[in-house]
Amino acid sequence: MYIDLAIVLILLIVVVVFFRKFSSFVYAFAIIDIFLRIMTFIKYNTVPELKSLIGRYLPESIGAIIGRYSSGLLYTILMWIYVIIFIIFLSYITSYFIKKRK
């Protein structure tokens, strides 16, 4: 099923349509990935009922979605894009932290 891919793509498209800035896309991308990773932690460290509910509908991360639906050269390119987006996110967070300190 493509439910996990559809959910992430819809969320990212909504962010692009409403905010129309690249920085908003990067923040939304990182927020979605961090949320998925938190839910994965909860999935593996809670009761089995919650584990089956979370495991059925939510992927582990955006990287896991990329790995599930691509392979070979396409996988490598998409994972590099994934890493570059997180490098950009890190630079936004770092610059914000430095500006906040002054």
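The buried residues of helix H5 in this predicted model are Met79, Tyr82, Ile85 and Phe89. Buried here means under 20% relative accessible area, exposed means over 50%, and partly exposed lies in between (1.4 Å probe, protein chains only). Helices are DSSP runs of H or I with at least four residues, strands are runs of E with at least two, and both are numbered from the N terminus. The buried residues of H5 pack against helix H2 (22–44) and helix H4 (62–69). H5 itself covers residues 72–101, 30 residues in total. From its first C-alpha to its last, H5 reaches 44 Å, close to the 44 Å expected at 1.5 Å a residue. The expected span is 1.5 Å times one less than the number of residues in the helix.

Residues are numbered from 1 along each chain as its sequence is written. The model is predicted, so local features need pLDDT of at least 70 and side-chain atom pairs count only at pLDDT 80 or more, while totals for chains, interfaces and linings use all residues; side-chain values use heavy atoms, with hydrogens and water left out.

The protein has five helices and zero strands. Its C-alpha atoms fill a box of roughly 50 × 35 × 25 Å, taken along the principal axes. Of its 102 residues, 27% count as buried. Contact means heavy atoms within 4.5 Å. Among contacts between residues at least 6 apart in sequence, 54% join residues at least 24 apart.

H2 has 23 residues and reaches 33 Å from its first C-alpha to its last, close to the 33 Å expected at 1.5 Å a residue. Its buried residues include Ser23, Ala28, Phe29, Ile32, Asp33 and Leu36. What covers the buried residues of H2 includes H1, helix H3 (48–57), H4 and H5.

Two packed helices are described by the angle between their axes and the distance between the axes. Axes are lines fitted to C-alpha atoms, for helices over the stretch in contact, and angles run from 0 to 180 degrees between N-to-C directions. The axes of H2 and H5 come within 9 Å and cross at roughly 105°. H2 and H5 are therefore roughly perpendicular to each other. Angles of 65 to 115 degrees count as roughly perpendicular, under 35 as roughly parallel, over 145 as roughly antiparallel and the rest as oblique. Among the residues that make the H2–H5 contact are Phe29 and Asp33 of H2 and Tyr82 and Phe89 of H5.

The axes of H1 and H2 also come within 9 Å, but cross at roughly 150°. H1 and H2 are therefore roughly antiparallel to each other. Their contact includes Val8, Leu12 and Phe19 of H1 and Phe25, Phe29 and Ile32 of H2. Arg20 lies in the loop between H1 and H2. Arg20 has a positive phi of about 60° although it is not a glycine. Arg20 is exposed, with a relative accessible area of 70%.

The largest nonpolar core has 16 residues. Such a core is a set of buried Ala, Val, Leu, Ile, Met, Phe, Trp, Tyr and Cys residues joined through side-chain atoms within 4.5 Å. Those with the most contacts inside it are Val8, Leu12, Phe29, Ile32, Ile62 and Tyr82. Helix H1 (3–19), H2, H4 and H5 each give two or more residues to this core. H2 gives the most, with six residues. Ile62 touches Val8, Phe29, Ile32, Asp33, Leu36 and Tyr82, not counting residues up to four places away in sequence.
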